[in-house]
Amino acid sequence: MTGLVTYRNFSLDDVPPLTGKVAVVTGGQGGIGKEITAQLLLHDIAKVFIIARNADKYLQAQEEWRHRNGITLGEGDTRTEFVKCDLADIVAVNDTAEYIQHRTDRLDILICNGGIGISTEYNLSPQNIEAVFAANCVGHHRLTTRLLPLLKQTVTQDKSSNARIVITSSSLHTFCRKLDFGLLTTPTPPKNRYIDGIWRYARSKLGNILFTRELNRRLFWDADPASRRIYVNTFFPGNIVTDQWNVWNDILGSALGALMRFVFRLIGQRKEDGAATAMYLAASRNVVDEDLRGGYFIPVATPDTTTKIASDMELAHRLWEWTEAQFTETLSI
């Protein structure tokens, strides 16, 4: 589950053409998400909606994609579209999903990759939910369930197609062995913000896995036959040094933080490895042929086990119901 070993079970060269398909990628302008978007473009995706907060970062990424060999993305090209959204804000996510529904009549791939990394700052969302959990779990839950009708419509209209939902998790989910719903809305900052920062991130990554498994269960048993043609899985991209790793300077000190980044640049995975697992789950025919549903994968495209709590379907159901209750309270639905 640590991802220290990289298994080469899939290559980006094996991604099939994505001609005519439409994707949504949260956090698709930075880090691993930027590479995932690049791979979608390299494999001829028709449209990618990129949901994120930072428009400037998106424009920088767009320039990189334009100059990357194999990607045709001219000035004013509409193959990528930035949608500004704070994933921690339920209202903003709801509005974003509605916007996308009005901008496209199909959705083949939803990659829930964005959110907040390890943070030593303790903040609450606009709905008073701990911000890391709000962005990484609650926001993606709302986005996914609001876009499900579009995913179902796509596979219903195109009988030969299937849809994919891919959710980014982490091996750090192993650090969270208890999910206390009361702590998700406490206004009290923790005593040790360094240890708690890691634990809160781990809790959100546990939440991603529980959400994946409960969503998969609901799709599998749904009366609508289109639901069985939507494949949802979660994955750990790997130990990839991105800008988010700068937080280790706060936790370990600048010298040890720099050493940690140096070591994992040597022994960890590349962005392409992280993107490869995402693309495998988002596009490979193997997912359908092997009926891969509700699974957890490590680099590259390798199924792996999770902690016992991450397989607790009763807890997954309770988390789903708790999250839906936040939507009811916020949106009056």
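Reply: Gladly! This is a predicted model, where local features need pLDDT of at least 70, side-chain atom pairs count only at pLDDT 80 or more, and totals for chains, interfaces and linings use all residues. Residues are numbered from 1 along each chain as its sequence is written, and side-chain values use heavy atoms, with hydrogens and water left out.

Me: Why is threonine 96 called buried?

Reply: Buried means under 20% relative accessible area (exposed is over 50%, partly exposed in between, with a 1.4 Å probe and protein chains only). Threonine 96 has 5%, so it counts as buried. Threonine 96 belongs to helix α3, residues 90-103. Leaving aside neighbours within four places in sequence, threonine 96 is in contact (heavy atoms within 4.5 Å) with Ile51, Val83, Lys84 and Cys85.

Me: What makes α4 roughly perpendicular to α10?

Reply: The axes of helix α4 (residues 131-157) and helix α10 (residues 313-331) cross at roughly 80° and come within 11 Å. Angles of 65 to 115 degrees count as roughly perpendicular (under 35 roughly parallel, over 145 roughly antiparallel, the rest oblique), and therefore α4 is roughly perpendicular to α10. Among the residues making the contact are Phe133 and His141 of α4, and Trp320 and Phe327 of α10. By class, this contact has 7 nonpolar, 3 polar and 2 charged residues. (Ala, Val, Leu, Ile, Met, Phe, Trp, Tyr, Cys and Pro count as nonpolar, Asp, Glu, Lys and Arg as charged, the others, Gly among them, as polar.)

Me: How do you know what counts as a cavity and what as a pocket?

Reply: On a 1 Å grid over the protein atoms alone, a cavity is a set of points where a 1.4 Å probe fits but cannot get out, whereas a pocket is an open set with protein on both sides within 12 Å along at least five of seven lines. Lining residues have an atom within 4 Å of a point. By this rule there is 1 cavity of 30 Å³ or more. The largest cavity has a volume of about 50 Å³, and its lining includes Cys137, His141, Gly207 and Trp320. Helix α10 gives the largest share of that lining, 4 residues. The cavity lining has 5 nonpolar, 3 polar and no charged residues.

Me: What lines the second largest pocket?

Reply: That pocket has 15 lining residues, with Lys21, Ser161, Asn162, Arg164 and Ala283 nearest its centre. Its lining divides into 7 nonpolar, 3 polar and 5 charged residues.

Key:
Axes are lines fitted to C-alpha atoms, for helices over the stretch in contact, and angles run from 0 to 180 degrees between N-to-C directions. Helices (H or I, at least four residues) and strands (E, at least two) are DSSP runs, numbered from the N terminus. Grid points are joined across faces, edges and corners, and a volume is the space filled by probe spheres set on the points.
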